[in-house]
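Biologist: I'd like to learn how to read a model like this one, feature by feature. Could you take me through it?

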Amino acid sequence: MNVRSMWVLAAGFAAGAAAVPVSAHHSFAAEYDQNRPITVTGEVIKLEWTNPHARVAVDAKDEKGTIVHWDFELGPPTALMRRGWNRNSLKPGTQVTVAGFLAKDQPNVANARTVTLADGRQVFAGSSFDTQAPATANGVSP
């Protein structure tokens, strides 16, 4: 293969790569409302350890006793791992209180700022609202 053929091939790959859609990382303000804080206490249904953000599903009862399914965005798995989390940190059935901010246009969706375990330990959730939160030993505040 000559040099010209290699350049044509490289240009073709570059054009093909440019045509593939790229999911842009959203800003906190684009999706969530810092003026609508929420606190939800309930049971972890599942923890999704995915990029660009992990997510935790929580079932909580509303004031009428009806189960409400919540979807909380957490930080990226790499940021959570640096704070001591892993894909098994929140197991189904775990009771938690999640504090965060409601989504602007989706019901029962929020960005989690903290997750408090039943024993009172508070875990940093990697919220894009508060990316400068101090790291703590094993991700748990004293």
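Modeller: We'll go from the overall layout to the strands, and then to some side-chain pairs.

Modeller: Some ground rules come first. This is a predicted model, so local features need pLDDT of at least 70 and side-chain atom pairs count only at pLDDT 80 or more, while totals for chains, interfaces and linings use all residues. Residues are numbered from 1 along each chain as its sequence is written, and side-chain values use heavy atoms, with hydrogens and water left out.

Biologist: Fine. How many helices and strands are there in the protein?

Modeller: Helices (H or I, at least four residues) and strands (E, at least two) are DSSP runs, numbered from the N terminus. Here the protein has 3 helices and 6 strands. Their order from the N terminus is α-α-β-β-β-α-β-β-β.

Biologist: And what share of the residues is buried?

Modeller: Buried means under 20% relative accessible area, exposed over 50%, and partly exposed in between, using a 1.4 Å probe and protein chains only. In this protein, 36% of the 142 residues are buried. As for the surface, areas come from the Shrake-Rupley method with a 1.4 Å probe, and for residues only the protein chains shown count as cover. The accessible surface is about 8800 Å², and carbon and sulfur atoms hold 57% of it.

Biologist: How do I read strand pairing?

Modeller: Two strands pair if DSSP finds at least two bridges between them. Strand 1 (residues 32-48) pairs with strand 4 (residues 95-103) in the antiparallel sense, over 8 bridges. Within strand 4, the residue opposite I38 is G100. Strand 4 also runs antiparallel to strand 5, with 7 bridges joining them. L102 has A110 in strand 5 as its bridge partner.

Biologist: Which residue in the hairpin of strand 4 and strand 5 takes a positive phi?

Modeller: That's N108, with phi near 60 degrees; the hairpin has 5 residues between the strands.

Biologist: Is V68 buried or exposed?

Modeller: Buried, because its relative accessible area is 17%.

Biologist: How about aromatic pairs?

Modeller: Rings of Phe, Tyr and Trp (its six-membered ring) pair if their centres lie within 6.5 Å; planes under 30 degrees apart count as stacked, over 60 as edge-to-face and the rest as tilted. Searching the whole structure gives 1 aromatic pair. W70 and F72 make that pair, and they are stacked, at 5.8 Å centre to centre with 20 degrees between the planes. Both W70 and F72 are buried.

Biologist: Which residues are linked in a network of salt bridges?

Modeller: A salt bridge is a side-chain nitrogen of Lys or Arg within 4 Å of a carboxyl oxygen of Asp or Glu. The structure has 4 of them, and R55, D71 and E73 are linked in a network. R55 meets D71 at 3.0 Å, N to O. That pair links distant parts of the chain, with R55 in strand 2 (residues 55-61) and D71 in strand 3, 16 residues apart. R55 also meets E73, at 3.6 Å, N to O. Because R55 lies in strand 2 and E73 in strand 3, this pair ties together parts 18 residues apart in sequence.

Biologist: What else does the side chain of E73 join?

Modeller: The side chain of N111, through a polar contact of 3.0 Å. A polar contact is a pair of N or O atoms within 3.5 Å; within protein, one must be able to donate a hydrogen and the other to accept it, and residues adjacent in sequence count only if both atoms are side-chain atoms. N111 lies in strand 5 (residues 109-117) and is buried, with a relative accessible area of 0%.

Biologist: Can you show me a salt bridge with an exposed partner?

Modeller: Take R121 and D119, whose side chains meet at 2.8 Å, N to O. D119 is exposed at 53% relative accessible area, while R121 is partly exposed at 40%.
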